[in-house]
Number of protein chains: 2
Amino acid sequence: MSELKGAAIFGQSGGPTSVINASAAGVFTEALKQGNITAVYGAAHGIKGMLDENFYDMSKESAETFELMKTTPSSALGSVRYKLASADVDETDYKRLLEVFKKYDIRYFFYNGGNDSMDTCNKVSKYMQKVGYDCRVMGVPKTIDNDLWGTDHCPGFGSAAKYVATSTMEVYHDARVYDKGTITILEMMGRNAGWLTAATALAADKGKGPDLIYLPEVDFDMEKFLDKVDALYKKSGHVIVAVSEGIKDKDGKYIAEYGSMSKATDSFGHAQLGGLADTLAGFVQEKTGAKVRPVEFSILQRCAAHGGSKTDVDEAFLAGQMAVKFACEGQTDYMVAFERPASGAYQCNIKLVKLDEVANKEKTVPLEWIINDGTGLSKEFIDYATPLIQGASGLPFENGLPKFAELKKVLAKK
Amino acid sequence: MSELKGAAIFGQSGGPTSVINASAAGVFTEALKQGNITAVYGAAHGIKGMLDENFYDMSKESAETFELMKTTPSSALGSVRYKLASADVDETDYKRLLEVFKKYDIRYFFYNGGNDSMDTCNKVSKYMQKVGYDCRVMGVPKTIDNDLWGTDHCPGFGSAAKYVATSTMEVYHDARVYDKGTITILEMMGRNAGWLTAATALAADKGKGPDLIYLPEVDFDMEKFLDKVDALYKKSGHVIVAVSEGIKDKDGKYIAEYGSMSKATDSFGHAQLGGLADTLAGFVQEKTGAKVRPVEFSILQRCAAHGGSKTDVDEAFLAGQMAVKFACEGQTDYMVAFERPASGAYQCNIKLVKLDEVANKEKTVPLEWIINDGTGLSKEFIDYATPLIQGASGLPFENGLPKFAELKKVLAKK
């Protein structure tokens, strides 16, 4: 073990999940235990808070707060979407960061996020190496999209998948309430990777899910889609379709944009309002004459901590905790990642992946798992996803409503 | 106690809730226990199933099924929207119903639903009285809208309110994730009564809810609304607005229709797609230039059994159970209703209200509970709603997903 004494800083970056704060709790509680870590800071709004010296002294927070953070959705410290320029092009941010690191004697840098955030983490790591500033840099994975390279799955996905599958089963019941036929179109998040939309297959596997599932991994053909829906509607009267927001046609055009030309003519000119489900509902209604109901799971799917998975909460915490342990053991320039045994019972083992290998890559749903002419998921996917949605998040309730963490946010300004 | 031997039939009617089947379980389990009830039938799709002789023999269902029904959303038997003509105008349906009742010796009629369903129940009751057919008729209340007359509250509301308040608190966290300002517009169900939108005030009361809440009980003024949002946005950067789908301007025009003229010009001509939240988002974005996110809780708010309230599940079951008990004691022509003590701790007491008094009336949110120039709810509402959202629904999970009732549905055809 190589000894390095100094402060630790942790930042959250990218879109929220319902377990992003569980990873934060893992990092903070572990860092506060480590003898070599002299102070533990939480950056407000990720890298921006570090550049602005806007961060909190986490030693001022209570054990109860860290416990509540495990089930508090979104970003307790504040997140950010900020792309660091390449250091070769513009060193300004890096120099400022180094200045801040030196001022606070920051020797441990933990960054939590998805693809873009791992790019930030990687750039910081490489710069600190280049200028010879001794600092341990660790990425902690996070994204409901589940599209990070080098890890079996990502913290955040299991909870979102459980919420999506549960809600889909509930909508299935709702959609069958009358004896008149209906077509329901469910829209899930996922621009390039269809993992979350694929999670509706968990409901279908129980006989209470979509008839057709469309992921961005496969080109979407409107004619074929409408024919399939029409045939199913004529046959059974009830059809449920799940679509990923990012589905595109063979020319790479987003299907959500099929309705935009007309929408753009409205008096507000907000083509981005009203999503894919609305657009498809228009086409389907025109084709079938059926009652069509578009349902967008919207931001609920990424923040519904009340419907989250215990496995996900535990693993998110573990990822944060292990990042600190590995850093204290001398590791740097890695992202913490998950792997499972090739066969036998599910287990979440931790491994390390070089940040270089992770940054800016995307892991999409394997094409061989997408079956039924691009409208369903194979048993491999069900077996993959099922262990990730086990158990309830354990969100505590007080007087009928959730109890969430309230950070004191004591500034760490020097 | 007046003795009446014969079969019982139960039907579900109107829009689904997440506890409508809890009332069914209450009716069925109690009816199966009663010595005077010779058979227990469940009608497929309410009154329609009765007219079509399409109903199930509930003695064929297991105790486990009834237990699971308590937390199975939507309508296990199938619901219906069917308005019975006045018997003075057209007796056809009534004569047919009498024929079916006689054929199966049905002497107990239980009907579960909202305003329209209580009208059906009332009409059946009066007709059977008129023709001298000895039959006990009982309405069982149900609606997420909470707008039934003569009862303190309605089964279905508590669970929907808990889901709405919980999700609002989660969205509150999500909406504050970045340091850039955002405006979030939440849309809840409720055409004429704003109870469910008012439930977001439970979140606001915890400091994690909407800044502005608009109910259909108060005329909506677009200018004033936009000024308020703009001022709040300029002050704090983060604004959350909750609106009821049914808000109207002083001329009675639905605000959702404000966008319809432009929407109607789209290539599909589906003005009904894309709701109020989308429409308001357009206006708000134009006024403020902010990032605006419309979130529609859609059908999830009425079917999300996983987010339901134990109090609601228990009370829904009790309503069904008591309907049977009262009928067996000789009562008829009533709806089971709830009342609470005027002061002291909350308690759900059962009373009976004449069907005549309930049918086709609506109970809206008291105007004196709507404060802050029509944008907030008073403490009276918080005190009213809080007891109704207590406890978790207890929805059982199996291998990570909800376990719902699966009825055998053994037909009761003679």
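Two residues are in contact if their C-beta atoms, placed from the backbone, lie within 7 Å. The model is predicted: local features need pLDDT of at least 70, side-chain atom pairs count only at pLDDT 80 or more, and totals for chains, interfaces and linings use all residues. Residues are numbered from 1 along each chain as its sequence is written, and chains are lettered from A in the order in which they are written.

**Exercise 1. Find how chain B is related to chain A, and through which surface they meet.**

Step 1. Superpose the copies by least squares on the C-alpha atoms of residues with pLDDT of at least 70 in both.
Step 2. Name the relation: it is that of a two-fold axis.
Step 3. Compare the interfaces. Of the interface residues of chain B, 98% are also interface residues in chain A, so the copies meet through the same surface.

**Exercise 2. Describe the side of chain B that touches chain A.**

Step 1. Count residues. Chain B gives 63 and chain A gives 62.
Step 2. Locate them. Helices (H or I, at least four residues) and strands (E, at least two) are DSSP runs, numbered from the N terminus. Elements of chain B that each supply at least two residues include α11 (276-288) and β9 (291-296). The largest share, 9 residues, comes from α6(B).
Step 3. Sort by class. Ala, Val, Leu, Ile, Met, Phe, Trp, Tyr, Cys and Pro count as nonpolar; Asp, Glu, Lys and Arg as charged; the others, Gly among them, as polar. This side of chain B has 26 nonpolar, 25 polar and 12 charged residues.

**Exercise 3. Describe how domain 1 of chain A meets domain 2 of chain A.**

Step 1. Take the bounds, which come from an automatic or database domain assignment. Domain 1 is 6-156 + 307-361 + 391-402, and domain 2 is 159-303.
Step 2. Check the spacing. Their C-alpha centres lie 33 Å apart.
Step 3. Count contacts. 17 residues of domain 1 touch 14 residues of domain 2. The domain 1 side has 4 nonpolar, 10 polar and 3 charged residues.

**Exercise 4. Decide whether A:Ser62 is buried or exposed.**

Step 1. A:Ser62 is in the loop between β3 (55-57) and α3 (63-69) of chain A.
Step 2. Apply the cut-offs: 20 or more other C-beta atoms within 10 Å means buried, 12 or fewer exposed, in between partly exposed. A:Ser62 has 11, so A:Ser62 is exposed.
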